[in-house]
Amino acid sequence: MTRAVLSLGSNLGDRLGELRRAVAALRDVLVLTSGVYETPPWGDPDQPAYLNAVVLVVDPAAGPRDWLTRARAVEDAAGRVRDPARRYGPRSIDVDVVTVWDDRDEPVLRDDPELTLPHPRAHLRAFVLRPWLDIQPYGRLPGHGWLTDLLNAAPLADDAVALRPRPDMTLESTG
Ligand SMILES: Nc1ncnc2c1ncn2[C@@H]1O[C@H](COP(=O)(O)OP(=O)(O)OP(=O)(O)O)[C@@H](O)[C@H]1O
Ligand SMILES: Nc1nc2c(c(=O)[nH]1)N=C(CO)CN2
């Protein structure tokens with residue numbers, strides 16, 4: 001059995017609809033959903049703002065690799081649109097595997113470029129860690145420490161302040 005935190009992001013088209021469709025596609029493994037945040041683009045500033053959220057998912061049968069397969073399936077089912085020439089460019093939906101825990105609740109650490117765990121840029125992304133804090137207030141990013149510490153110190157503190165909670169947007173409904 002493994003559990004995982006997956007991050008969801010969208011900045012093209014019906015952004016909330018994209019996130020809701022992703023959540024709906026994960027409903028059989030879904031345990032918790034974070035709030036929705038409007039976030040300035042990270043890594044490539046010349047693009048629209050994103051909506052970001054994270055989900056906690058659990059599957060008694062899933063190994064770590066299955067979460068990547070699952071994330072890709074959600075992107076494919078949504079017919080993900082993106083510009084392949086831009087590494088951190090705009091996209092209709094992005095689903096990343098942030099962290100996975102094994103059946104003894106130990107974090108899975110993995111250096112494989114196909115699936116690096118935890119996600120190699122999670123510690124640099126307030127748009128991942130802040131929604132994660134919603135669903136795990138005592139959460140830790142393996143290898144980096146408490147979410148609260150990461151969000152309250154450089155280099156993420158400024159980014160964390162720039163995120164805008166969108167309590168008017170919920171992921172519960174599939175619309
Ligand atoms: N933890 C991970 N979660 C998702 N993809 C990963 C992970 N580790 C490695 N990868 C690999 O990264 C590759 C690129 O994934 P993707 O297109 O989602 O990147 P990106 O969204 O443009 O950038 P980023 O991963 O920084 O968000 C995938 O083919 C996947 O195999
Ligand atoms: N705010 C924000 N910025 C991003 C995001 C994202 O989900 N949110 N995803 C990216 C893809 O790697 C690049 N930049």
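# Reading the ligand shells, strands and core

Reader: Which residues are around ligand 2?

Author: In this predicted model, the residues around ligand 2 are G9, T39, P40, P41, W42, G43, Y50, N52, Y88, D94 and F127.

Reader: What does UniProt list for residues 87–98?

Author: An unreviewed UniProt entry lists those residues under "domain: 7,8-dihydro-6-hydroxymethylpterin-pyrophosphokinase", and such annotations may be inferred rather than shown by experiment. In the model, the span is 0% helix and 42% strand, with its end C-alpha atoms 18 Å apart.

Reader: How should I read the pairing of strand 1, and which strands does it join?

Author: Begin with the partners and then look at single residue pairs. Strand 1 pairs with strand 4 (residues 50–59) in the antiparallel sense over nine bridges, and within that pairing S10 stands opposite L51. Strand 1 is also joined to strand 5 (residues 94–101) by seven bridges, again antiparallel, and there the bridge partner of V5 is T99.

Reader: Why is strand 1 described as largely enclosed?

Author: A residue is called buried when 20 or more other C-beta atoms lie within 10 Å of its own. Eight of the nine residues of strand 1 (residues 2–10) are buried, and the strand is therefore largely enclosed by the rest of the structure.

Reader: What is the general idea behind a nonpolar core, and which residues have the most contacts inside the largest one here?

Author: In soluble globular proteins, nonpolar side chains tend to be buried together. Here the largest nonpolar core has 39 residues, and those with the most contacts inside it are L6, A22, V54 and L129. Strand 1, helix 1 (15–25), strand 4, helix 2 (64–77), strand 5, helix 3 (126–135) and helix 4 (147–152) each supply at least two of its residues. Setting aside residues up to four places away in sequence, L6 touches V54, V55, V57, W67, A71, V95, D96, V97 and V98.

Reader: Which residues of the helices are buried, taking helix 1 and helix 3 as examples?

Author: In helix 1 the buried residues are R15, E18, L19, R20, R21, A22 and V23, and what covers them includes strand 1, strand 2 (30–33), strand 4, helix 2 and strand 5. In helix 3 they are A126, F127, V128, L129, R130, P131, W132 and L133; because eight of the 10 residues of helix 3 are buried, that helix is largely enclosed by the rest of the structure.

Reader: Finally, are T33 and V108 buried or partly exposed?

Author: T33, found in strand 2, is buried, with 22 other C-beta atoms within 10 Å. Not counting residues up to four places away in sequence, T33 touches V23, A53, V55 and L171. V108 lies in the loop between strand 5 and strand 6 (110–112) and is partly exposed, with 18 other C-beta atoms within 10 Å. Leaving aside neighbours within four places in sequence, V108 is in contact with P64, V100, W101, D102 and L117.

Note on methods:
Residues numbered from 1 in each chain as written. Chains lettered and ligands numbered in written order. Predicted model: local features only at pLDDT ≥ 70, side-chain atom pairs only at ≥ 80, totals over all residues. Near = placed C-beta within 6 Å. Helix = DSSP H or I, 4+ residues; strand = E, 2+ residues; numbered from the N terminus. Buried ≥ 20, exposed ≤ 12 C-beta atoms within 10 Å, placed from the backbone. Pairing = 2+ DSSP bridges. Core = buried A, V, L, I, M, F, W, Y, C linked by C-beta atoms within 7 Å. Contact = placed C-beta atoms within 7 Å.
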